[in-house]
Amino acid sequence: MPGRILLIEDDANIRSALGMFLHQEGYTVAEATSGEEGLVAFEARASDVVLVDLVLPGIDGFEVTRQLRRASDVPILMVTARTDTHDVVAGLEAGADDYLTKPVVAKELSARIRALLRRAQPGSRPPTTLSFGLLSIQVEAGVVTRDGQGVILTKTEFRLLCELASHPGWVLSRPQLLERVWGYDYFGDTRLVDVHIGRLRAKVEADPANPSLIITVRGLGYRLEP
Amino acid sequence: MAFATGAALLSGALAGGTYAVAHHYLLNQRQASAETQTYNDARLVKQDLTAAGTNVADVLSLLAPAQGTRSLVYRGRQWFSTSVSVGRSSVPTALLAMVRQGTPAMQREVINGAPAVAVGLPLPAVGADYFEIEPLGELARTLHLLAGVLAGAALATTVGGVVIGRWASARLVRPLARVAVVAGAISQGALDQRLPADRDADLAPLVASFNGMVDALSRRIERDARFASDVSHELRSPLTTLQASVEVLAVFGDGLPIEGQKALELLGTETRRFSEMVQDLLEIARIDGGAAPLELEELPLDEVITRTVEAFTAVDIPVDVRPGAKGASILADRRRLQRVIANLLDNAGKYGAGATLVSVDCAAGWARVCIDDAGPGVPAGERDRIFERFYRGPAAGRRADGSGTGLGLALASEHVGAHHGRIWVEAAPGGGARFCLELPVDGP
């Protein structure tokens with residue numbers, strides 16, 4: 001599946017190797033050596049996926065992600081050097097859709113990018129509108145409104161919401177959500193789900209601290225209240 | 001407590017001693033004065049009686065005894081006294097007997113319901129016996145009062161001792177308790193805790209040196225953590241480049257001569273192995289440095305194990321969930337638990353010709369997972385050593401695919417240990433090895 005990738009990485013060798021690899025896989029790759037350069041490059045050309053290393057000279061990967069998020073819902077894949085909860089959660093909260101840990105296994109990178117691009121395509125979804133209270137989801141159009149106001153969601157957040165909304169009242173476990181939305185097998189990182197639920201709540205709940213729509217079922221998973 | 005006992009003993013002894021001395025002294029004094037008075041009065045009586053033809057009753061009435069003192073005279077088988085309240089019966093029998101025999105005597109006795117001193121003097125010159133009875137009632141009352149006051153004082157001192165004791169030990173114990181609390185918090189990882197400065201001259205040095213020690217320790221820990229983190233980053237970057245480059249080259253594999261293809265294959269395998277080793281080492285370094293806290297959550301035991309086994313391999317490995325484990329939950333770090341299971345399955349695959357059975361059971365607060373394999377098993381002598389770092393056993397040289405870092409079981413052991421569980425290997429019924437791990441259901 002061809003697509004345009006923006007690679008923000010300061011290490012020249014990694015940039016070169018990954019760039020070559022992705023090019024071989026059929027993607028168009030734009031490279032940036034710093035966060036600032038990356039933001040400029042993003043403004044200049046549209047990208048389908050942004051790959052950003054957390055450790056950068058100048059502004060760090062978190063800041064880049066935040067700034068990108070403010071302007072767009074482009075899928076962002078973080079590259080981290082550590083699996084520490086703090087880094088991963090901070091990156092996800094800043095707006096990343098998924099993350100990979102160095103050393104990056106090229107094949108894994110390819111799979112993650114494919115998953116992100118798949119999520120971005122509307123694909124074959126039932127042409128329905130789902131409504132829950134003030135929230136209205138136009139599944140095919142990929143539009144969400146709350147009380148008439150449009151809600152901007154990233155592709156991942158949208159997929160997560162649709163997944164929950166397609167089974168109202170049912171509890172979906174973290175591994176299930178991980179598989180259906182991110183495409184991970186059971187080994188996936190459930191923190192991806194947790195942080196994205198948090199981000200979703202911040203956007204669609206009247207009171208994110210006391211959610212009434214997306215409920216946590218302790219020990220089991222999450223449920224959308226019909 | 002010690003204070004209270006000491007105070008009680010001391011004040012009790014003091015009070016008792018004071019009372020005894022006072023009692024003894026006062027009583028003796030009284031008795032001595034009674035004796036003197038009796039002698040004086042007896043002399044008067046004798047003088048009067050010697051003068052011919054005097055009436056005992058008149059003589060007695062001339063006496064001017066001290067207040068409360070009663071005098072009696074026994075003469076010619078008759079008893080005479082200065083008061084109607086005393087008579088023959090008032091004189092103690094023993095005293096009477098002695099005086100009759102001609103010996104002066106003194107006796108302390110309860111007479112007419114009140115304590116008194118009775119003194120008796122024989123007056124042979126006039127054929128009479130002279131007795132005096134001096135009441136001790138007042139003295140007794142005074143002594144009782146004294147006893148009461150002293151007892152009260154002793155009690156008050158004891159109570160005071162208890163109060164002071166409590167206050168003093170609290171003053172000592174409270175700061176020590178504070179030290180214990182802060183030390184406990186620090187050992188749990190809260191390295192920013194310090195003791196507040198104490199105004200007390202005795203405790204200030206303790207506080208200062210404690211805080212100094214914690215400062216030094218946390219600096220050291222920070223340094224180590226920073227080192228591990230720097231090393232981590234520096235190692236991971238070149239590995240990324242290596243792996244990606246190998247993947248890029250792989251595309252051209254078919255166009256290469258045989259040696260080239262072989263070299264490419266080796267490059268790929270060893271890069272992968274090197275990468276795994278670095279990750280394992282970094283993991284161990286993090287655990288050693290204490291920078292890897294557990295992320296605990298309530299997990300459905302049977303589901304986690306079953307799904308992990310399914311996800312690990314395309315080959316179907318049967319998972320036997322025993323009745324005790326059905327529906328059971330365990331408090332554990334999901335990622336680590338999965339890594340341990342994956343590790344053991346990987347091990348079974350590499351050295352045990354593949355895992356044949358995974359069993360899950362739960363009993364008495366412990367969850368047990370066992371993985372059997374179809375390999376040659378682990379000899380009894382090696383069963384402890386295989387969990388050591390970098391130990392790969394005699395099988396090490398044989399692996400052609402070069403996989404295996406020697407750290408897998410060591411890491412599994414660390415993860416299980418962090419949960420306060422156990423991991424070991426025994427012989428499987430079928431002849432292969434059975435690796436078992438046990439974790440507390442309620443978490444570490």
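I looked up strand β11 (residues 214-217) of chain A and found that 4 bridges join it to β12(A), with the two running antiparallel. I noted the rule: two strands pair if DSSP finds at least two bridges between them. Strands are DSSP runs (E, at least two residues) and helices are too (H or I, at least four), numbered from the N terminus.

This is a predicted model, where local features need pLDDT of at least 70, side-chain atom pairs count only at pLDDT 80 or more, and totals for chains, interfaces and linings use all residues. Residues count from 1 along each chain as its sequence is written, with chains lettered from A and ligands numbered from 1 in written order.

Next, chain B. I found an open, mixed sheet of 5 strands, in the order β7-β9-β10-β12-β11. Its edge strands, β7 (319-321) and β11 (422-427) of chain B, each pair on one side only.

Which residue is the bridge partner of B:Val360 in β10(B)? I got B:Val369. Strands β9 (residues 355-363) and β10 (residues 366-373) of chain B run antiparallel, joined by 8 bridges. Helix α8 (residues 334-351) of chain B packs on the sheet, touching β9, β10 and β12 (433-440) of chain B; contact means C-beta atoms, placed from the backbone, within 7 Å.

Notes:
Two residues are in contact if their C-beta atoms, placed from the backbone, lie within 7 Å. Axes are lines fitted to C-alpha atoms, for helices over the stretch in contact, and angles run from 0 to 180 degrees between N-to-C directions.
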